[in-house]
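Try each task yourself before you read its solution.

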Amino acid sequence: MKKSVLLGALTVAGLAAGAAAAGTIDDVKARGKLNCGVTTGLVGFAAPDSNGEWKGFDVALCRAVAAAVLGDGNAVEFVPTTGKTRFTALASGEVDMLARNTTWTFSRDVDLKFEFVGVNYYDGQGFMVPKALGVSSAKELDGATVCIQTGTTTELNLADFFRANNISYEPVPIETNAEAQQQYLAGACDVYTTDASGLAATRATFEAPGDHVLLPEIISKEPLGPLVRHGDNEWADVVRWTLNALISAEEYGITSANIDEMSAGTNNPEINRILGTEGTLGEMLGLDNQWAMRAIKVGGNYGEVFAQNIGESTPIGLARGLNAQWTEGGLLYSPPFR
C-alpha cells in the first residue's frame, strides 16, 4: 500500500473514532435534524427534483430514519458527496450516516472503521455502450476508453476484469455521475461502467435511451447499503432496524395504505411488535414504541419504495431480481422483531 493511501486510511479511521464517541443519536435529537450523506445526483436513487426536493430510493431511507428518531421525515439535511469525499464526510461527523449506493467491502468495514448496517440493494458492476458501437459483450472492449468514477470499487473491478481477459483499456477518470454522463454522451469515452442499477438510472435520463445498451456481463458483487461510524452501536442499531422495519413491513403486508388500521392491533404478534402495540422494542432503541410505524408510514415499505423510485413502472425499469423478498426467491431477509 502506498504511504499516502495508508495515511489517508489512518486519517479517516481516526476521525471516525473521534466522531463516534460523541453519541450520534443524542446529537441528532439535540439538533432536530438528520444530516444524511447522499450521492451528488443519481435519478431514482438520490437527486433533487425541479423544486429542489430530494427524491429517490436512498433518500427514502434517510427520511425513514428521520421519522423514526425525530417524528418528521422532512427533518433531513441532504449532503451531496462524491466517491472521494463520502468517507471523510462520515468520519468527520459532517454527516450522521451515508445512504448513497456504497458497496460493503472488507476494507471499508474493518480498515476505514465504518459499520455497514445492512444491504438495501444487491447489485453488480456492468457496462453501458452506444448501440452504434456494435458491441455485444464486454470481452469485445479491447482498447476502449472507459469512464470510471475514482475512489470506487468499480475502479478496481474494472482493472481486474480487463487483466483476467487479457485486454486493455484507457481509463477516463471522473468524480460524479453527472460528469460521467456528460463525458460519455460527448464521446470522450466509449464505455461507462458502474453499478448496473446506476447505469439503468443514468440511461433513463438520456434523450434517446434506446441508443445505448447495457452489456450482459455483471463482473462483481456490489452489496449496497447504509453505513455509520464504528463504535457508535446505539446509532447503528437505529439505522439497521429502521431498514429492517421497511423490509419486514413488506414481508408482513404492512403498507402506507393500511398501516393506520394495522397499528390498532392484529392477530400477528410480529406485526404488533413492529408497530409498537406489543412489547418495548422502541425503549430498547432509546425511542418510543411508534418509531417503526413512523419510519414505514413516511414512504411505505421496502417494496413500495422500490416500485415508486426505481421499479419496472418507472423510466429506470429495474426488476426486483435479487432484491425480492426471501419468500419470493430473492435475498431480502430481516432478522425477527422480538
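**Exercise 1. Find out how strand β8 and strand β11 pair, and over how many bridges.**

Step 1: Strand β8 (residues 125-130) and β11 pair in the antiparallel sense, over four bridges. Strands here are DSSP runs of E with at least two residues, helices are runs of H or I with at least four, and both are numbered from the N terminus. Two strands pair if DSSP finds at least two bridges between them.

Step 2: Now look at strand β9 (residues 144-149), which runs parallel to β11 and is joined to it by two bridges. Here Cys 147 has Tyr 192 in β11 as its bridge partner.

Step 3: Check how covered β11 (residues 191-195) is: five of its five residues are buried. Buried means under 20% relative accessible area, exposed means over 50%, and partly exposed is in between (1.4 Å probe, protein chains only).

A note on the ground rules: this is a predicted model, so local features need pLDDT of at least 70 and side-chain atom pairs count only at pLDDT 80 or more, while totals for chains, interfaces and linings use all residues. Residues are numbered from 1 along each chain as its sequence is written, and side-chain values use heavy atoms, with hydrogens and water left out.

**Exercise 2. Which residues touch the most other members of the largest nonpolar core?**

Step 1: A nonpolar core is a set of buried Ala, Val, Leu, Ile, Met, Phe, Trp, Tyr and Cys residues joined through side-chain atoms within 4.5 Å.

Step 2: The largest one has 60 residues, and Leu 34, Met 97, Trp 235, Ile 254 and Leu 275 touch the most other members. Helix α3 (residues 57-70) gives this core its largest share, ten residues.

Step 3: There's also a second, separate core of 14 residues, including Val 146 and Val 191.
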